[in-house]
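I opened the notebook to look up a few local features in this model, going through them one at a time and writing down what I found.

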Amino acid sequence: MTHRTLETSAIDLAGNGRAASRESGTDLFDPYGDTLREECGVFGVFGHPDAAAITALGLHALQHRGQEAAGIVTYDGTRFHSERRLGLVGDAFSDGEAIKRLPGHIAVGHVRYSTTGETILRNVQPLFAELDGGGFAIAHNGNLTNGLTLRRQIIRDGAICQSTSDTEVMLHLVARSKRPRFTERFVDALKAIEGAYAFVGLTNKKLVGARDPLGIRPLVLGELDGHPILTSETCALDIIGARFVRDVEPGEVIVFSSDKVETLRPFPAVAPRPCIFEYIYFARPDSVVGGRSVYQVRKNMGFQLAAEAPAEADLVVPVPDSGVPAAIGYSQASGLPYELGIIRNHYVGRTFIQPTQSVRDQGVRMKHSANRSVVEGKRIVLIDDSLVRGTTSVKIVRMMREAGAREVHFRISSPPITHPDYYGIDTPDRDKLLAATHDLEGMRRYIGADSLAFLSIDGIYRAMGYEGRNNAQPQFTDHCFTGEYPTPLTDRTGEVPSRQLSLLAEAS
């Protein structure tokens with residue numbers, strides 16, 4: 001499939017850059033385009049003889065963070081080896097031949113969902129460049145809010161960009177630094193960028209990791225057979241039997257080589273503000289993020305929601321899979337029975353779905369189907385973790401009514417999303433967010449529920465173990481609910497255009 005026009009393949013390096021239809025505002029090949037999009041996942045291992053195989057397993061565990069592409073780069077002591085593919089990890093790295101093509105004892109890997117750059121092979125990470133000191137491969141979770149500004153500057157200075165990803169900016173910044181040592185050049189590059197990032201990179205001698213000063217994006221350190229692991233979530237450590245060591249601290253740069261571990265903190269210390277959506281949606285329920293069980297936090301959100309928004313009903317029904325832990329919490333707190341009133345088909349693919357409106361309208365039924373024997377004649381409380389455009393919620397409420405539900409009370413275990421994200425979550429522009437354009441009653445009428453309620457902002461902080469949100473110094477990055485962005489948004493507020501047109505239409 002080729003990209004249709006330059007306009008269709010436009011990207012937005014400020015965080016909403018997805019090849020999209022200008023007619024529908026959504027990906028034509030995604031009939032379920034009413035959710036927050038996963039970000040990306042990174043993985044790195046140093047010194048292990050099975051580095052590629054371990055990395056592939058780690059990426060399997062991180063598949064929920066990105067399903068569009070996967071890649072691994074290794075170093076065998078002489079050469080770098082790269083395998084980057086569109087599609088799922090299992091499609092690219094499940095056979096032994098792919099692993100054989102990736103010899104070496106150092107590896108970095110990446111799973112991708114595109115928030116900047118098109119879904120084409122030249123944007124698949126890890127990205128690699130040959131520098132004067134040797135090769136350098138880098139994988140990135142997050143988004144640079146000055147990436148487009150920097151990109152335009154370096155192109156004016158003569159740089160040649162091969163991808164349309166903001167991650168490539170880091171390669172150029174490292175290459176252009178005048179510092180003598182690689183670590184110093186890497187830190188130089190970090191000091192030029194803004195936004196959210198968790199980087200894992202490798203050279204012919206080092207594995208390097210870095211986390212943004214606010215800790216918006218997660219990065220953890222583990223150990224397997226005495227060898228260090230860097231990855232996005234603890235679930236990737238569990239799948240390979242590695243031991244969790246600690247979180248990489250916000251603003252920390254950690255460098256592994258054969259003879260030492262070097263830890264640098266090149267930024268002034270600030271109060272961390274990790275992304276609240278890791279707990280609401282992105283992280284896998286069995287991960288531990290910032291010392292908190294994601295599963296327990298989501299149950300706590302359900303507890304809080306039951307206290308804040310009770311309903312006269314017979315059953316609690318989750319919208320699978322994202323609403324399940326909160327629905328369990330709501331059920332336990334309210335005393336209402338928990339039932340699987342919606343069954344999810346986990347085997348729905350996208351490649352065979354044709355981009356027609358009639359098929360898109362049936363998309364939710366392909367992914368979710370009503371369990372009529374459970375919901376018929378019942379007053380149900382539907383629990384989901386978020387409400388974005390609302391289009392999927394409309395179809396699910398209708399599905400419940402058609403299955404015989406007497407009343408449908410919708411409860412959302414997070415506050416209303418009123419602002420877009422620019423830190424690595426693919427959210428619609430503000431005028432496409434239902435909560436930004438409708439009041440609560442307007443949203444209820446739109447989705448067709450008998451009642452609608454959201455968890456309050458203080459409620460979500462209570463679920464995290466706080467008394468409430470500290471408005472003077474918020475504990476988390478929560479701009480999607482509050483509009484308070486914790487970093488500059490240079491690409492949005494500067495004079496440069498917010499979109500970068502790709503001049504190359506590439507077959508994918």
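**Entry 1, the model.** I note at the start that I am working with a predicted model.

Ser322 itself I placed in the loop that runs between β16 (315–318) and α10 (324–334).

In the loop between β16 and α10, where I found Asp321, the bond joining Pro320 and Asp321 is a cis peptide bond with omega of about -5°. A cis peptide bond also joins Gln125 and Pro126, with omega of about 5°, and I located Pro126 in the loop between β4 (106–112) and β5 (127–131). For phi, I noted Asp225, which has a positive value of about 55° although it is not a glycine; Asp225 is found in the loop between β9 (220–224) and β10 (227–231).

I looked at Gly104, which lies in the loop between α3 (96–100) and β4. Pro49 is 55 residues away from Gly104 along the chain, and I read a separation of 6.6 Å between their C-alpha atoms. Leaving out residues up to four places away in sequence, I found that Gly104 touches His48, Pro49, Ala51, Tyr75 and Asp76.

How do the axes of α9 and α10 cross? I found that the axis of helix α9 (residues 294–308) comes within 6 Å of that of α10, and that the two cross at roughly 45°; the two helices are therefore oblique to each other. The crossing of α9 and α10 is right-handed. On the α9 side the contact is made by Tyr295, Arg298, Lys299, Gly302, Phe303, Leu305 and Ala306, and on the α10 side by Pro325, Ala326, Ile328, Gly329, Tyr330, Gln332, Ala333 and Ser334. Sorting the residues of this contact by class, I have nine nonpolar, four polar and two charged.

I then looked up helix α4 (residues 147–156) and helix α5 (residues 167–176), whose axes come within 10 Å and cross at roughly 50°, which makes α4 oblique to α5. The crossing of α4 and α5 is left-handed. I listed Gly147, Leu150, Arg151 and Ile154 of α4 as making the contact with Glu168, Val169, His172, Leu173 and Arg176 of α5. By class, the contact of α4 with α5 has four nonpolar, two polar and three charged residues.

Notes:
Residues are numbered from 1 along each chain as its sequence is written. This is a predicted model: local features need pLDDT of at least 70, side-chain atom pairs count only at pLDDT 80 or more; totals for chains, interfaces and linings use all residues. Side-chain values use heavy atoms; hydrogens and water are left out. Axes are lines fitted to C-alpha atoms, for helices over the stretch in contact, and angles run from 0 to 180 degrees between N-to-C directions. Helices (H or I, at least four residues) and strands (E, at least two) are DSSP runs, numbered from the N terminus. Angles under 35 degrees count as roughly parallel, over 145 as roughly antiparallel, 65 to 115 as roughly perpendicular and the rest as oblique. A crossing is left-handed if the near helix is turned anticlockwise from the far one by less than a right angle, and right-handed if clockwise. Contact means heavy atoms within 4.5 Å. Ala, Val, Leu, Ile, Met, Phe, Trp, Tyr, Cys and Pro count as nonpolar, Asp, Glu, Lys and Arg as charged, and the others, Gly among them, as polar.
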